[in-house]
Amino acid sequence: MHKKIRIGKNKILLYYFLAIVLPSIVLGALAFRGIVNDQAIYEREVRQQLTETGEKIIAESDLFITNAEREFLQKTEITGKPPAVTIFFEDSILTEFLQEKPEIDGIFYIQPSGRVQLLKSGVLYFPDRTFNRLNSNTQSDLDKALLKGWEYEYQDKNYHKALIFYQDLIKETRNDAMIASMLIPVARIQKKMLNYADAINTYRLIEQNYSHERVNGGLALGVIALMEAGRLYLVTGDTLNALQSTNYLISKTLQSHWELEVSQYNQLISECNDIIKKSDSCEDEHCRDQEKQIKTLLDELTILTENTNRQLLFLNKAPVVLKESGFKSPEAESGYRVYMNVEGKPINFSVFPESVDGQWGVIYNLSQFLNHLTQTVIPAEKEKFDFQWQLLKEGRELLSGSPENLSGDIRTMSVFPAYMPSWSLILAKKPPGIITAFFSASQGIFLYIFLLIVIGLALGLFFTLHIINKELSLSKMKSDFISTVSHEFKSPLTSIRQMSEMLFNERIKKESRKKEYYEIMLEQSERLSHLIDNILDFSKIEEGEKDFKFEKTNLTELINRVKSVFQKSIANEGFSVSLSVPVNLPEIVIDKEAIQQVLYNLFDNAHKYSGESKKIEIIVKSTADSVEINVKDFGIGIPPEDQNKIFNRFYRGGDELTRSVKGSGIGLTIVKRIIEAHGGRIDVESEIGKGSTFTVSIPLGGN
Ligand code: ADP
């Protein structure tokens, strides 16, 4: 028996493994594969998204240039072509356009002859001897007139006379250029006469009225006047004014106010630096403020210097550079775009389609282009879809972006087309961890699969254990049942056998004694037949094969009969069994034998579990539609936790002591089933040590 149970347990565990654990493992493995697959799909999607974004960024930056080109072309339609004679030309519309577009450094024009011209306003200074062209007649007349003044000033060193000479000349002259040229020696002589205040005033006059005049193609007088005034302020100890006039000079230079040649520009800058250096002593707040402003202006100048150098380099190398054919962007308005290195410096320009008159072109400012890319285009894309990025020059040098090493990430590289700077854009995104993938994969389908598996496993385990436990206890009950039933059979059979043997062998002589033996044998065989009835009924009821024969019955008679049989069986034990039945108890429709068995079982239990008590009460009550039979004992009682279970098959309550009372655990099960078959019910009220009352109520009409 024990072995059988073990086999059952193993079998159930095997089923559990085959039906739940194995599918769970398979599902789990599939889900895991799904996640890994999803991760690969995710990576592919991200890579594609990064590639698209990279291409979009490049297209956007291309568009940025294309837009500038488009606007430029519109401007050139309303402006005239530059005069063929100059290298640096002026044009107010283009100047304004250039100022609005920091991404464009300069504008150039190619004459049909191939001569390249630059827009003046984009250039901070010009090559030397660009303006060496003022040897007009006015100049030589002026030189002659001035000769006298020179003699007074340099030969005679008669400053007073020289001063009067120039001042008289000025009064007579109407020509601005001549007045300006004479004001310079006036200021110089005033300085020599140590008349600093006058000299400064003269320079200020020059600066205000004749700023752009030049003497002998030299520096614009405004520049000379401001530099000289600055120096004079220093001499008079007025550092603040010295700095202010320098500040003014530089800010004007920054606006390309003067047409400076390279050497003049260098002279101007070194002069300004000199003044700044000499004014170090001024600790005044205003001075410091001025110095700060000058420093910012000088920084801006440095940038413009680079732009200018680039343009001048372009101008210098134009014949070679322009021969290089460019690459046209698909959307571009330009005839061609070129990105190349000239003397080690990158230069990027567009040349527009040729007309009979010539060709326009623009030179781009690469750092502004970079700014636009990193501060506008990339952030705009990043807002839609976050990523890390790096902008590399020539595929190596980091121009901008994340300084981290992005090689562990999902990464794409987009190379700018040949007509744009030779940069490459790296976009990257961290790959998701397995956990993130787990939650994000296919809208969490794998998460649900996993949850299902876990729930399935848990439920399966719970039910399996539950069933195993139930089976085990049922098996134990069955085996207990068989052993107790065998015992119950054994003792009455033994006594019947012994007594019948003795009677058969005529060993009992006394008639009274013989009668006593017969009585005992009858009693024991009745007990046996009750037991057999119980077992047979139990198996019939369990299999649903028990037939009930309902008929009108006089219950009082029935109870009395069972009571007297029962009483006889325990006659020697000194029990008092009382019965109270109402006088006019109505007839009732029942299966007589079944109810007889019910009563017998209840009386037998009351007797068996009476302990020390020797009293049993049977009380019958009648209500309008039912009869109630109470079987009451004053014995050991039933613990509350057992009161529900005692009606279960094979259940034998109480401790070992109670179990020493003979029994099979099926009596109350049979009682309950029979009563239920009659449409009635059975209840128990019990208290440990005080006794139990079983109450059976049966409807009058039967089931
Ligand atoms: P058994 O053959 O063990 O008496 P029953 O089905 O008749 O089987 O009763 C089930 C259990 O209910 C008993 O083992 C006993 O523990 C308890 N029981 C039944 N009747 C009484 C009673 N009158 N007093 C105390 N316990 C009882």
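I began with Y339 and found that its bridge partner in β5 is N348. Strands here are DSSP runs of E, at least two residues long, and helices are runs of H or I of at least four, numbered from the N terminus. The model is predicted: local features need pLDDT of at least 70, side-chain atom pairs count only at pLDDT 80 or more, and totals for chains, interfaces and linings use all residues. Residues are numbered from 1 along each chain as its sequence is written, and side-chain values use heavy atoms, with hydrogens and water left out.

I then followed the strands. β4 pairs with β5 (residues 345–351) in the antiparallel sense, over seven bridges; two strands pair if DSSP finds at least two bridges between them. I traced six strands in an open, mixed sheet, ordered β1-β3-β2-β6-β5-β4. Its edge strands, β1 (88–89) and β4 (336–342), each pair on one side only.

Next I looked up the ligand. I noted 19 residues around it, the closest being Y609, D633, R652, S664 and L668; a residue is near if one of its heavy atoms lies within 4 Å. α16 (592–608), α18 (667–677) and β17 (691–699) each give at least two residues to this shell, and α16 has the largest share, three residues.

I checked polar contacts (a pair of N or O atoms within 3.5 Å). A polar side-chain atom of N605 is 2.8 Å from a ligand oxygen. A side-chain N or O atom of D633 lies 2.8 Å from a ligand nitrogen. A polar backbone atom of L668 is 2.7 Å from a ligand oxygen.

Note on methods:
A polar contact is a pair of N or O atoms within 3.5 Å; within protein, one must be able to donate a hydrogen and the other to accept it, and residues adjacent in sequence count only if both atoms are side-chain atoms.
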